[in-house]
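Welcome, and thank you for taking a look at this protein. Please have the sequence and the model open side by side as you read.

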Amino acid sequence: MKGFSSRNLKYMRSFAEAWPHEEFVQEVLAQLPWYHHLALLDKVKTPEAKHWYLQMAITHNWSRNVLVHHIETRLHLRSGQAISNFEKCLPPALADQAQALLKDPYFFDFLGIGEEAQERSIEEALVTQLTQFILELGTGFAYVGRQVHLEVGGEDFYLDLLFYHLKIHCYVVIELKAGTFKPEHAGKLNFYFSAIDAQMATEADGPSIGLLLCKCRNKLIVEYSLRDTAKPIGVAEYSLVQSLPQELKSSLPSVDDLERALSTFGA
């Protein structure tokens, strides 16, 4: 065989070094296009992370762009990391699936709004960029609505965001809090679940799941708040501006460096 460029030969060598087991290559790796593999070779450092992204790309049929997006947002470190009570509130198999759906933190840096944005502004921006929002949520989420109206006892209530998950067949209520998590937030979600189960869910639907997204949270306070809660709730942080990787931060000038440079320029 001949006609390969030096670049292709280097990638072939890297591929062989990354996946040395012939049976694994034939059975699993052949399920992804070559350019997916180049993304894995270029962007993922550890064998464990490579294998995780490989399996997820095959399972969820990710395009190369989606694969790259998830690698760059370090999905393997965030997946399943939300604090939840799923293990106590859901059957074991469903609890594992539900936990895998949630991340911590969520990155909404695609919104282009400041860190001090209020809840309503964040909701509006997320719905405006729904495709990116669903990409960050993950596979299987179907958008139902924003500020979904519920009437209970003659009073009006509104869910921030409502989704339906097509694989585990349940409603997912997402509540946004621009501040710190508070125990009463879990109580409000419990109330919403009761209303959804009574007014919207059918016998074919599984237990509704709540995801409370807050600017910051104290892990112990969250754990205490969910400990005796009967409804399945997950709590995760969100960021409107994704932090820079540490290696990039170290290469950027500090504020003092910039001020000195500007003062020199002004002189």
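## The whole chain

This is a predicted model, in which local features need pLDDT of at least 70 and side-chain atom pairs count only at pLDDT 80 or more, while totals for chains, interfaces and linings use all residues. Residues are numbered from 1 along each chain as its sequence is written, and side-chain values use heavy atoms, with hydrogens and water left out.

How confident is the predictor? The pLDDT, which is the predictor's confidence in each residue on a scale from 0 to 100, averages 87 over the protein, and 90% of the residues score at least 70. Residues 244-255 have a pLDDT below 50, and in the model this stretch has three contacts beyond near neighbours in sequence. Here a contact means heavy atoms within 4.5 Å.

The protein has 14 helices and seven strands. These are DSSP runs numbered from the N terminus, with helices being H or I of at least four residues and strands being E of at least two. Of the contacts between residues at least 6 apart in sequence, 62% join residues at least 24 apart.

Buried residues account for 41% of the 267 residues; buried means under 20% relative accessible area, exposed means over 50%, and partly exposed lies in between, with a 1.4 Å probe and protein chains only. The accessible surface is about 15000 Å², and 54% of that surface belongs to carbon and sulfur atoms. Such areas come from the Shrake-Rupley method with a 1.4 Å probe, and for residues only the protein chains shown count as cover.

## Two pockets

On a 1 Å grid over the protein atoms alone, a pocket is an open set of points where a 1.4 Å probe fits, with protein on both sides within 12 Å along at least five of seven lines; lining residues have an atom within 4 Å of a point. Grid points are joined across faces, edges and corners, and a volume is the space filled by probe spheres set on the points.

The largest pocket holds about 420 Å³ of space. It is lined by 23 residues, and those closest to its centre are Met 56, His 60, Ala 100, Leu 101 and Thr 139. Helices α4 (47-60), α5 (64-72), α8 (92-101) and α10 (130-137) each give at least two residues to this lining. By class, the lining has twelve nonpolar, nine polar and two charged residues. In this scheme Ala, Val, Leu, Ile, Met, Phe, Trp, Tyr, Cys and Pro are nonpolar, Asp, Glu, Lys and Arg are charged, and the others, Gly among them, are polar.

The second largest pocket has a volume of about 250 Å³. Its lining includes Val 44, Tyr 53, Glu 72, Arg 74 and His 76, and α4, α5 and α6 (75-78) each contribute at least two residues. Five nonpolar, two polar and four charged residues make up this lining.

## Residues to look up

Which residues does Leu 101 touch beyond its neighbours within four places in sequence? They are Tyr 106, Leu 137, Phe 141, His 165 and Ile 168. Leu 101 sits in helix α8, and Leu 101 is buried because its relative accessible area is 16%. Its C-alpha atom is 9.6 Å from that of Phe 141, a residue 40 places away along the chain.

His 185 belongs to helix α11 (residues 183-199). Apart from neighbours within four places in sequence, His 185 is in contact with Lys 177, Thr 180 and Leu 212.

Glu 72, part of the lining of the second largest pocket, is in helix α5. Between Glu 72 and Val 44 there are 28 residues of sequence separation and 9.1 Å in space, C-alpha to C-alpha.

The table gathers the accessibility of some residues.

| Residue | Relative accessible area | Class |
|---|---|---|
| His 185 | 13% | buried |
| Arg 74 | 27% | partly exposed |
| His 169 | 42% | partly exposed |
| Glu 72 | 46% | partly exposed |

## Backbone details

Arg 74 is not a glycine, yet its phi is positive, about 55°; Arg 74 lies in the loop between α5 and α6. His 169 also has a positive phi, near 55°, in a residue other than glycine, and His 169 is placed in the loop between β4 (155-165) and β5 (170-180).

Finally, the peptide bond from Asp 104 to Pro 105 is cis, with omega near 0°. Pro 105 is in the loop between α8 and β2 (106-107).
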